[in-house]
Amino acid sequence: MKKTIAILLCAAMVLSVFAGCSNKAPGNAASGDTIKIGVFEPLTGANAAGGELEVEGMKLANELYPEVLGKKIELVVVDNKSDKAEATTAVARLIEKDKVSVILGSWGSGFSIAAGDLVKSNKVPAIGASCTNPMVTQGNDYYFRVCFLDPFQGTVMANYAAKSLGAKKAAIIQEVSNDYSVGLASFFVDAFKKLTGDENCIVATANYNTGDQDFNSQLTTVLAANPDVIFAPGNFTESAMIIKQARKLGSNVPIIGGDTWETNEFIEVGGADVEGTVLSTFFDDTNPITAEATKFLEAYKAKNPDKNVAAVTALGYDAYLLAYKAIEAAGSADPVAIRDAIAAIKDLEGVTGIINLTAEGDADKDTAVIKVVKDGKFAFQENMKVDK
């Protein structure tokens with residue numbers, strides 16, 4: 001009997017040791033020699049080019065700022081596959097399996113909105129790079145971002161249309177399956193009506209879905225209304241195809257858009273037809289405005305000497321930098337402590353400018369960059385500052 005009891009006690013001790021080890025696995029966000037920062041981005045599917053550009057900036061920032069609090073920072077990157085349901089799955093994995101301290105992403109406001117409830121209920125902070133829809137941070141004190149918002153971007157492009165182009169009538173072509181596109185179009189409409197003083201200045205509105213390829217029906221309707229300008233915010237591929245098909249129909253009406261156009265794929269798909277198109281964005285690599293921007297550009301150009309920097313790559317860098325500085329300020333890998341440190345950040349010098357956050361968790365910015373496609377590249381046109 002004594003021998004049996006001894007064996008049972010030994011077995012219990014062994015099980016206890018293994019249980020203890022399982023709770024302290026290497027790489028756990030709050031222990032060991034590593035702090036994990038999660039990343040959820042579209043790396044496959046319709047939005048993959050945008051996600052890859054953001055990740056590029058985050059990885060470069062990780063190379064320049066690889067350690068904090070004496071621990072290595074590990075980027076855990078998961079693919080949300082350009083799908084809202086997959087976005088929630090990706091974030092759930094980062095929180096539950098990978099035990100990350102903070103999450104970065106996602107390109108595409110709809111994916112960020114879909115993941116919002118998860119980061120809030122699990123109290124793990126998230127920082128968006130280029131997700132510009134106001135709903136990303138609304139009512140969510142665990143979601144932050146380093147970019148300006150669509151109400152501002154819509155106002156910028158309405159000002160460009162009315163003042164730079166002299167437009168009095170505008171048409172809208174929007175991607176109705178995309179929260180970003182619908183939201184930005186709505187803010188453009190509101191601002192354009194105020195600028196023109198004409199409630200009837202929007203002469204046509206046409207809708208399409210992500211993945212559509214034939215836009216002749218929408219364009220026929222829109223062009224029949226004789227607009228002075230067409231505002232067509234949406235995914236880079238579909239937007240480029242819309243412009244190509246408009247030109248094929250013989251139209252020279254200016255077609256303008258937002259930050260999602262700034263990918264090489266937009267120019268590759270659109271070719272000569274997108275020459276002269278204008279968009280709003282967050283950063284221009286020929287006009288660095290901070291010392292951090294110069295540091296970023298030197299490191300980027302050392303790797304990619306002949307490649308222009310996409311604005312969302314700079315924003316991906318800034319999102320990582322904000323997370324890094326918050327972990328440093330918190331003195332901890334605890335997600336709640338990091339969340340509080342993010343909210344308290346003041347005058348952070350980023351690549352895209354000085355970052356201060358509003359009470360809603362949004363970057364307080366008042367200037368956008370206007371770029372034009374020239375000779376097959378995105379070229380700086382002007383900085384535009386307008387009242388938000």
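**Close-up views of a predicted model**

**View 1. Strands E1 and E3 run side by side.** Strand E1 (residues 34-41) and strand E3 (residues 71-79) are parallel partners, joined by eight bridges. Two strands count as paired if DSSP finds at least two bridges between them. Strands (E, at least two residues) and helices (H or I, at least four) are DSSP runs, numbered from the N terminus. Gly38 stands opposite Val76 in E3. This is a predicted model: local features need pLDDT of at least 70, side-chain atom pairs count only at pLDDT 80 or more, and totals for chains, interfaces and linings use all residues. Residues are numbered from 1 along each chain as its sequence is written, and side-chain values use heavy atoms, with hydrogens and water left out.

**View 2. E2 and E3 make a hairpin.** Strand E2 (residues 67-68) is antiparallel to E3, with two bridges between them. Glu67 has Lys72 in E3 as its bridge partner. Two residues separate the strands of this hairpin. Leu69, in the turn, has a positive phi of about 55°.

**View 3. Seven strands build an open sheet.** The order is E8-E7-E9-E10-E11-E14-E15, and the pairing is mixed. Strand E8 (202-208) and strand E15 (377-385) are the edges, each pairing on one side only. On average, neighbouring strands of this sheet are turned by 25° against each other, direction ignored. In a regular strand, side chains alternate between the two faces of the sheet.

**View 4. Helix H6 packs on this sheet.** Strand E7 (residues 170-175) runs parallel to E8, and six bridges join them. Ala171 has Ala204 in E8 as its bridge partner. Helix H6 (residues 179-196) touches E7, E8, strand E9 (229-231) and strand E10 (255-257). The direction of H6 makes about 165° with that of E7. Such angles run from 0 to 180 degrees between N-to-C directions; axes are lines fitted to C-alpha atoms, for helices over the stretch in contact.

**View 5. The largest nonpolar core has 107 residues.** A nonpolar core is a set of buried Ala, Val, Leu, Ile, Met, Phe, Trp, Tyr and Cys residues joined through side-chain atoms within 4.5 Å. Buried means under 20% relative accessible area, exposed over 50%, and partly exposed in between (1.4 Å probe, protein chains only). Phe188, Phe192, Phe266 and Phe296 touch the most other members. Helix H11 (residues 311-330) gives the largest share, 13 residues. Another core, of 19 residues, lies apart from it; Val76, Ile95, Phe111 and Ala126 are among its members.

**View 6. Phe266 stacks with Phe378.** By the ring rule there are twelve aromatic pairs. Rings of Phe, Tyr and Trp (its six-membered ring) pair if their centres lie within 6.5 Å; planes under 30 degrees apart count as stacked, over 60 as edge-to-face and the rest as tilted. Here the centres are 6.4 Å apart, with 25° between the planes. Phe266 is in helix H9 (residues 264-270) and Phe378 in strand E15, 112 residues apart. Both Phe266 and Phe378 are buried.

**View 7. Phe283 meets Phe296 edge-to-face.** The ring centres of Phe283 and Phe296 are 6.2 Å apart and the planes stand at 75°, so the pair is edge-to-face. Phe283 and Phe296 are both buried. Together with Tyr300 and Tyr317, Phe283 and Phe296 form one aromatic cluster.

**View 8. Arg339 lies over the face of Tyr142.** The distance to the ring centre is 5.8 Å. A charge sits over a ring if NZ of Lys or CZ of Arg is within 6 Å of the ring centre and within 35 degrees of the ring normal.

Methods
Contact = heavy atoms within 4.5 Å.
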